[in-house]
Amino acid sequence: GDRVVGFMIAAPRSGSGKTMVTCGILELLKRKQKNPFSYKCGPDYIDGLFHRKVLGIEGGNLDSFFEQPQDMREKYAAVSETHFPVVEGVMGYFDGLGGDTTAASSWEVADILDLPVVLVVDAKGASLSLAALIKGFQVFQGESQLSQANKNGNHIQAVILNRISPMLYPRMKAVIEKETGVLVAGYVPELDFWQVGSRHLGLVLPGEIENLQEQMRQLGDCLEKTLDVDVLLKLGEKADIDVLGSVTVTADGSSQKCEAQKNADLVLQNQFAGEKISHSVIRIRLGVAWDEAFCFYYRDNLEFLEKQGVQIVRFSPVHDKHLPDDLDGLLLGGGYPELYAKALEENETIRNEIRRKAEEDMPILAECGGYLYLLKELEDENGTGYEMAGVFSGKGFKKGKNSHFGYITVETESDSLYLKAGERIKGHEFHYWESTQDENELKMQAKKPTGKRSWPCVTVKNQVMAGFPHLYYPSQEGFGERFVQACDRYRMKRKRQQ
């Protein structure tokens, strides 16, 4: 019962080349038919989208602010049954909440899952100092949630040197291995063809995908020569079953899984295939906006809803003239509606249908981009206004700088739609657009997990709850359950009227 452990690609700071190395390694694993699965640490959707579109590889998030350690272990264990997981870290390896703690850092995720870590170090403009840098990362102590703290040092088991000359590499490998005892598993030379900047990691347009797939092929060809792929495979395939999730190894070495885990496997297999989930009775058809304008969804949220008996029915507010038939609720996720404001305005029939459904008390959740779509008007990049669904008054406009950014908890002082007084649900905000909605209409508070800052957020009207926060449903199960119950009541009402 060997289990693939996979590994994390981390770095001393942002801009070291983690994303490039992660893409290259995913491409190589795909060529070797290892069935890779890409995880991103933290709340970012974009890299996962990118991996799905350009590399054709499934992905998810690992987030120790959102998730409980045991839930994260079980989820990871279920995926590593059938996939080779590669985890891309976020920012620098130890950088966590509020800048002065390792909570919610890549290191904390590696510690919870006991993952081997490959540190990508930008070698440009340094030589022997690289050994000192790596040594510092080896000895630095993070605050662990676990009793097994530092039994594996800081989990750093290999290093890849980025932007180093092939001439200098053998000497650097020798000196780093001698000084630190950490394996140097290859290097990446300066690549002139690699153009995957932050613009590409935003929305990938269909025309760019072929060009990017070509870049992936070139990157793969290069890394096949410069990385020690066998060493990386050995690192990720070490069988260390006891630390991962609820798997018990029997005398003959086979593993028995608990029911929950079997169910989690089923959900994973069905996730983006749009098949019927076999382990729960499907009661509710939930329309989920899913196209180039709306594409930010946590896999964990969709699985959470599926476990409550929800069938995800995708539709496009950009292209579809009408909503799918027989819907019991709507979910409008984040994305880039401001880039498609003209097309969204032109598709008047679906805007009107959504407004009518809201007036008829259909339960609707809208987050960030989905919330902007429900306003009366939305300005594009150039400040041109376009008409939106008009469920709420007010308009969305570009603020210029990032308005609110980072992890939050959302709470409410008095019982509000889907959330009871005193409950909290975790989420995060990241948006450059703002809305002119009247503050009195905002029913909930967003609070920063560190520090005192809070601000009003989230609007409620009829059965519609909308706002900028991206919420993580498993962090407050009552919230998702109440939404599903509301969809169920709407379904019963609909059936009675038919």
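Start by selecting Phe430. This residue is partly exposed, with a relative accessible area of 35%. Keep in mind that the model is predicted.

Phe405 is exposed, because its relative accessible area of 55% is over the 50% cut-off.

Now show both rings. Phe405 and Phe430 form an edge-to-face aromatic pair. The centres are 5.5 Å apart, with 70 degrees between the planes. Colour strand E21, residues 424–431, where Phe430 lies. Phe405 is in strand E20, so the pair ties together parts that are 25 residues apart in sequence.

How many aromatic pairs does a search of the whole structure find? The count is 25. For one of them, select Phe94 and Trp107. Their ring centres are 6.3 Å apart and their planes are at 35 degrees, so this pair is tilted. Phe94 sits in the loop between strand E4 (84–88) and helix H4 (106–113), and Trp107 sits in helix H4. The pair therefore ties together parts 13 residues apart in sequence. Buried or exposed, Phe94 and Trp107? Both are buried.

Move on to an aromatic cluster. Select Tyr45, Phe65, Phe66, Phe296, Tyr298, Tyr336, Tyr407 and Tyr472, which form one cluster. Lys426 lies over the face of Phe65, at 4.8 Å from the ring centre.

Last stop: Trp290. Here Arg314 lies over the ring face, at 3.7 Å from the ring centre.

Notes:
Residues numbered from 1 in each chain as written. Predicted model: local features only at pLDDT ≥ 70, side-chain atom pairs only at ≥ 80, totals over all residues. Heavy atoms only, no water. Phe/Tyr/Trp six-rings, centres within 6.5 Å; stacked < 30°, edge-to-face > 60°. Helix = DSSP H or I, 4+ residues; strand = E, 2+ residues; numbered from the N terminus. Buried < 20%, exposed > 50% of the residue type's maximum accessible area, 1.4 Å probe, protein only. Lys NZ or Arg CZ within 6 Å of the ring centre and 35° of its normal.
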